[in-house]
Amino acid sequence: VILQGAREDRALFRAQVKTDAESMRKGFKEQRAGIRAEARELAADKFTMIMSRLVNALDRFDQILARIDSRIDKLSGEGIDVSAALTASANASASIDAAGLAVTTAQAAIEAAAASETPREEMENVKAAVRAATDSVKAAHQSLKAALEALRGVAPQPTAAAEAQSRVSTE
């Protein structure tokens, strides 16, 4: 009778341990799924912020280039040779367009990774695309600086008398 009771108790204990282990496994799976979803969201937010900064930089570059082009047109109207500045401006425009294409490609890679069942496998593609977009935006910035320098090279420099006059008029 005592042996029979011990066997029953052991069987009940084993069954309890088995159900506890199964419920713990389910809980761990749910936790892992939640952590993975949170990690996906954090990664998506991080890449969204990076892409937002790059898009904003390109918008500013377009505005600056428009001002440079306006100044080139004004100097050209005054009869000043602005061919070097025009060439640099065209190069900057092409570079900004290429950077815009790279940013669009990176955004598409991010969206594809977010929609993928296995985003971790897509991360290398996303990182490479974002790195390429960042590099192209940096190149666009350099070409914009070159266009500005070319414009400064053709623009007439103010004389000391004109600077003194402008200081007096602003005071």
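Reader: Is V130 buried or exposed?
Author: In this predicted model, V130 has a relative accessibility of 8%, and since anything under 20% is classed as buried, V130 counts as buried.

Reader: Which helix does V130 lie in, and what does V130 touch?
Author: V130 lies in helix α3, and once residues up to four places away in sequence are set aside, V130 touches F47, I50, M51, A106 and I110. Of these, F47 and M51 are listed among the buried residues of α1.

Reader: How far is V130 from E117?
Author: The two are 13 residues apart along the chain, and their C-alpha atoms are separated by 20 Å.

Reader: Okay, on to the helix pairs: how do α1 and α3 run relative to each other?
Author: The axes of α1, residues 2-77, and α3, residues 119-154, cross at roughly 20 degrees, and because angles under 35 degrees count as roughly parallel, that is how α1 and α3 are described. Their axes come within 10 Å, and α1 passes α3 in a left-handed crossing.

Reader: What classes of residue make up that contact of α1 with α3?
Author: The contact of α1 with α3 has 25 nonpolar residues, together with 2 polar and 2 charged ones.

Reader: And α2 with α3, what's the arrangement there?
Author: Helix α2, residues 83-115, and α3 have axes that cross at roughly 165 degrees and come within 8 Å; because angles over 145 degrees count as roughly antiparallel, α2 and α3 are placed in that category. The crossing of α2 and α3 is left-handed, and by class their contact has 27 nonpolar, 5 polar and 1 charged residues.

Reader: Back to α1, what span should its 76 residues have?
Author: At 1.5 Å a residue they should span 112 Å, and the end C-alpha atoms of α1 are 111 Å apart, which agrees. After α1 comes G79, with a positive phi near 85 degrees.

Reader: Which helices do the buried residues of α1 pack against?
Author: They pack against α2 and α3, and the buried residues of α1 include L54, L58, F61, L65, I72 and L75.

Reader: Last one: S89, is it buried or exposed, and what is it in contact with?
Author: S89, which is found in helix α2, is buried, with a relative accessible area of 4%. Leaving aside neighbours within four places in sequence, S89 is in contact with L65, D69, I72 and A147, and L65 and I72 are among the buried residues of α1.

Methods: Residues are numbered from 1 along each chain as its sequence is written. This is a predicted model: local features need pLDDT of at least 70, side-chain atom pairs count only at pLDDT 80 or more; totals for chains, interfaces and linings use all residues. Side-chain values use heavy atoms; hydrogens and water are left out. Axes are lines fitted to C-alpha atoms, for helices over the stretch in contact, and angles run from 0 to 180 degrees between N-to-C directions. Helices (H or I, at least four residues) and strands (E, at least two) are DSSP runs, numbered from the N terminus. Angles under 35 degrees count as roughly parallel, over 145 as roughly antiparallel, 65 to 115 as roughly perpendicular and the rest as oblique. A crossing is left-handed if the near helix is turned anticlockwise from the far one by less than a right angle, and right-handed if clockwise. Ala, Val, Leu, Ile, Met, Phe, Trp, Tyr, Cys and Pro count as nonpolar, Asp, Glu, Lys and Arg as charged, and the others, Gly among them, as polar. The expected span of a helix is 1.5 Å times one less than its number of residues. Buried means under 20% relative accessible area, exposed over 50%, partly exposed in between (1.4 Å probe, protein chains only). Contact means heavy atoms within 4.5 Å.
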